[in-house]
Amino acid sequence: MSGLRVIVGCKRVIDYAVKIRVKPDKLGVVTDGVKHSMNPFDEIAVEEAVRMKEKKLASEIIAVSCGPTQCQETLRTAMAMGADKSIHVEVDAATYENLQPLHVAKILAKVAQDEKADIVFTGKQAIDDDCNQTGQMVAALLDWPQATFASKVEKANGDLTVTREIDGGLETIKVKLPAVLTADLRLNEPRYATLPNIMKAKKKPMAKKKPADYGVDVAPRQSILKVEDPPVRQAGSKLDSVETLVGKLKDAGLVPS
Ligand code: AMP
């Protein structure tokens, strides 16, 4: 099973450490001048693909990002981590705000066919929209098996054995290739790109495409009606005794008096 070709979806998202602010029109969040990074689960997917290459299971890793020009930085990061080449599917900033998992899934599925991929690897979810849909949709579009929420991936003859994080614990499944995998948090700890590798990544090939090149119409199929901040949490208070606590709970009607 040597020489697997792996496509990795790399979404550019607002950095996880940024405090999100809702736009005054309440139709989105402020993105201008805000730090962006590769979606953390996608870094994990890239790392796993690179480890597969280091173990000589994979032969080529192709990072794909759909979005505005700045996605090229995300792709350079993926290539500095070890991806061999990348494809930037340009979607302007306004369209990107309404780009939905089905649009991205159609593009990734088409790239997988064009590149004769054996694996499409995505993050389990993007931390901006929390959709957790794209990988599953790619599998449906290609009619490939899927192993989502992967926390361990091993080769087993011609197949992959994948341990999945599920509500009740861990589930181990076998999937035939070609397949779609989605990366969960415990799959690995992604490496930092070193300076020499960042320099090398500048010379790696990056193809520039548009959704139309893949025959994909990115017109929105849904519209955002309202974006709101989560309710503000009430401040807690320190009480000096259990009796005061019970009294307060009774006053609030949370325990019978
Ligand atoms: P989602 O279904 O939006 O939660 O995204 C799940 C995964 O799909 C992400 O972790 C990425 O790997 C991939 N993905 C989603 N949107 C994009 C995008 N615009 N470009 C590349 N990959 C994406």
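The accessible surface of the chain amounts to about 14600 Å², and carbon and sulfur atoms contribute 52% of it. The structure described here is a predicted model. Its chain contains 257 residues, of which 42% count as buried. Along the principal axes, the C-alpha atoms occupy a box of roughly 70 × 45 × 40 Å. The secondary structure comprises 7 helices and 11 strands. Among contacts in the chain with a separation of 6 or more, 72% are accounted for by residues 24 or more positions apart.

An unreviewed UniProt entry lists residues 26–218 under "domain: Electron transfer flavoprotein alpha/beta-subunit N-terminal".

The ligand is surrounded by 19 residues, and the closest are Asp42, Cys66, Ala126, Asn132 and Thr134. At Cys66, a backbone N or O atom is placed 2.8 Å from a nitrogen atom of the ligand. A polar backbone atom of Asn132 lies 2.7 Å from an oxygen atom of the ligand. For Thr134, by contrast, the side chain is involved: one of its polar atoms is 2.7 Å from a ligand oxygen atom. The ligand taken alone exposes 480 Å², and 99% of that area is buried by the protein. Strand β4 provides the most, with 3 residues. By residue class, the shell around the ligand consists of 7 nonpolar, 9 polar and 3 charged residues.

Helix α2 spans residues 71–81. Its buried positions are Cys71, Thr74, Leu75, Ala78, Met79, Ala80 and Met81. Directly after α2, Gly82 adopts a positive phi of about 140°.

Gln100 is located in the loop that joins α3 (93–97) to α4 (101–114). Gln100 counts as buried because its relative accessibility is 9%, below the 20% under which a residue is classed in this way. When residues up to four places away in sequence are not counted, Gln100 touches Pro220, Arg221 and Gln222. With Arg221, a polar atom of the Gln100 side chain lies 3.3 Å from the backbone nitrogen.

Ala17 occupies the loop between β2 (12–14) and β3 (36–38). Because its relative accessibility is 60%, Ala17 counts as exposed, the threshold for that class being over 50%. Ala17 and Leu254 are 237 residues apart in sequence, and their C-alpha atoms are 36 Å apart in space.

Notes: Residues are numbered from 1 along each chain as its sequence is written. This is a predicted model: local features need pLDDT of at least 70, side-chain atom pairs count only at pLDDT 80 or more; totals for chains, interfaces and linings use all residues. Side-chain values use heavy atoms; hydrogens and water are left out. UniProt positions are given in the numbering used here, feature names are shortened, and annotations may be inferred rather than shown by experiment. A residue is near a molecule or strand if one of its heavy atoms lies within 4 Å of it. A polar contact is a pair of N or O atoms within 3.5 Å; within protein, one must be able to donate a hydrogen and the other to accept it, and residues adjacent in sequence count only if both atoms are side-chain atoms. Accessible areas come from the Shrake-Rupley method with a 1.4 Å probe; for residues, only the protein chains shown count as cover. Helices (H or I, at least four residues) and strands (E, at least two) are DSSP runs, numbered from the N terminus. Ala, Val, Leu, Ile, Met, Phe, Trp, Tyr, Cys and Pro count as nonpolar, Asp, Glu, Lys and Arg as charged, and the others, Gly among them, as polar. Buried means under 20% relative accessible area, exposed over 50%, partly exposed in between (1.4 Å probe, protein chains only). Contact means heavy atoms within 4.5 Å.
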